[in-house]
Amino acid sequence: MISFMDLTREYEFLKLELNESLQETLSSGYYIMGPALKEFEKNFSRYIGTRYASGVNSGSDALFLALKSLGIGKNDEVITVAHTFISTADAIVLNGAHPVWVDIEPDSYLIDPERVVEKITPHTRALLVVHLYGQPAEMDKLNEICQEHDLYLIEDASQAHGAEYKGSKVGSLGDVSCFSFYPTKNLGGYGDGGMVLTKHREVQEKIRNLRDYGQQKKNLHTKIGINSRLDEIQATILSLKLKYLDSWNKKRRKLARIYHDQLTPGVRTPQEKENRKHVYHLYVINAPQRDLIQRELFKNGIESRIHYPTPVHKQPAYLPWRDSYLPCTEQVPKGILSLPLYPWLKEEEVNRICEVIDHASM
């Protein structure tokens, strides 16, 4: 059996060091908003290259709070993509705003900058960019558009920990950025977790207020907030794993190269675009015979996934925002397939996966 993701291998590597760190945290008596969180916020913001960081309960909360901190609400419009995990769009709707869909590039599946301007209206407040599968979007062009039209640029970097655009890490390229620390992410905890990063002090202050019941200080609630705080145990785990992130991303890229080199020409493999560093949170191929390939993988004990089979604008919950013409967004899910890729995957397992796919593609 080759699992799509086997986190037990990671734990075996970290076990002794992790258990020691967790014992220290558990013995401290601090479990919420303590020193472990402060340390991780400092280390992660330094790693990404931003000034401020706030740990929250999940990547979904990070997106929700990021938009709220910018004052985005009723009747505002936020431009984004429909080929993404649904929480990207949920954050817009839960703030009372409207998602405006832009089609994706056919080669990268990232937001198409050439299609953004035509979607801007007097109600547009922000552009929410998704660095999908671990590859950065075309940030120079998108920043130019936002500056010209006075829009906020928000990065959904939930799948792109450590990815780089022209030498800068994603998460440092917009007004606000959001990360998820779901266990399967390149940097994942052992539960839910998220982070909001920004270079703007006033945004940071709003996030910190909103994540803690709207408290400006103890028992003084100046806003209607929520309970969304990254706990000390997750912060401890993430601080430990952060020091391994670059080496783990390097292993992901090495395994991706094996896939690139061995997969049959009939299968389209992901291509790293110019001036970008792809960290392969997901390794997504595209093939006309996708369903046959997936069946053959399953027969051979190999797990695979589809990220994502139904675009957000086609989901039943998004019926009010369905009136969009997104030909590439609607075509791509018919052929994509995510293959196993994580730092603990063995090279011989990747070779085996390639053999099965090549056989199925004949």
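This is a predicted model: local features need pLDDT of at least 70, side-chain atom pairs count only at pLDDT 80 or more; totals for chains, interfaces and linings use all residues.
Is Ser304 buried or exposed? Ser304 is buried, with a relative accessible area of 10%; buried here means under 20%, exposed means over 50%, and partly exposed is in between, using a 1.4 Å probe and protein chains only.

Residues are numbered from 1 along each chain as its sequence is written, and side-chain values use heavy atoms, leaving out hydrogens and water.

Let's start with the overall picture. The protein chain has 11 helices and 14 strands, which are DSSP runs numbered from the N terminus (H or I with at least four residues for helices, E with at least two for strands). Its C-alpha atoms fill a box of roughly 65 × 55 × 35 Å along the principal axes. The radius of gyration is 20 Å, which agrees with the value near 21 Å that a compact globule of 362 residues would have; that radius is taken over C-alpha atoms, and the globule rule is 2.2 Å times the number of residues to the power 0.38. Of the 362 residues, 57% are buried. Among contacts with a separation of 6 or more, 71% are between residues 24 or more positions apart, a contact being heavy atoms within 4.5 Å.

Now back to Ser304. You'll find Ser304 in the loop between α9 (290–299) and α10 (327–331). Setting aside neighbours within four places in sequence, Ser304 is in contact with Phe4, Gln294, Leu297, Leu337 and Ser338. With Gln294 there is also a side-chain to side-chain polar contact at 3.2 Å. A polar contact is a pair of N or O atoms within 3.5 Å; within protein, one must be able to donate a hydrogen and the other to accept it, and residues adjacent in sequence count only if both atoms are side-chain atoms. Ser304 and Ile2 are 302 residues apart in sequence, yet their C-alpha atoms are 9.4 Å apart in space.

Ser338 is in strand β14 (residues 336–339), and counts as buried because its relative accessibility is 1%. The side chain of Ser338 makes a polar contact with that of His307, at 2.8 Å. Beyond four places in sequence, Ser338 touches residues including Phe4, Leu282, Val284 and Arg305.

Follow Val284 next, and you land in strand β13 (residues 283–286). Val284 and Ser338 are 54 residues apart along the chain, but 4.3 Å separates their C-alpha atoms. Val284 is buried too, at 3% relative accessibility. Past its neighbours within four places, Val284 is in contact with residues including Tyr109, Tyr133 and Ser338.

That brings us to the aromatic rings. The whole structure has 15 aromatic pairs. Rings of Phe, Tyr and Trp (its six-membered ring) pair if their centres lie within 6.5 Å; planes under 30 degrees apart count as stacked, over 60 as edge-to-face and the rest as tilted. Phe44 and Tyr47 make a stacked pair, with 6.4 Å centre to centre and 25° between the planes. Both lie in helix α2 (residues 35–48), three residues apart, about one turn of the helix. Phe44 is buried at 0% relative accessibility, and Tyr47 is buried at 16%. Tyr109 and Tyr133, the two tyrosines in contact with Val284, form an edge-to-face pair at 6.4 Å centre to centre, with 85° between the planes. This pair links distant parts of the chain, 24 residues apart: Tyr109 is in the loop between β3 (98–101) and β4 (124–130), and Tyr133 in the loop between β4 and α5 (139–149). Both tyrosines are buried.

Phe44 and Tyr47 also belong to one aromatic cluster with Phe40, Phe179 and Phe181. The charged end of Lys169 sits over the ring of Tyr47, 4.6 Å from its centre; this needs NZ of Lys or CZ of Arg within 6 Å of the ring centre and within 35 degrees of the ring normal.

Finally, the cysteines. The structure holds zero disulfides, a disulfide being a pair of cysteine sulfur atoms within 2.5 Å. For Cys178, the nearest cysteine sulfur is that of Cys146, 14 Å away. Cys178 is buried at 0% relative accessibility, and Cys328 is buried at 14%.
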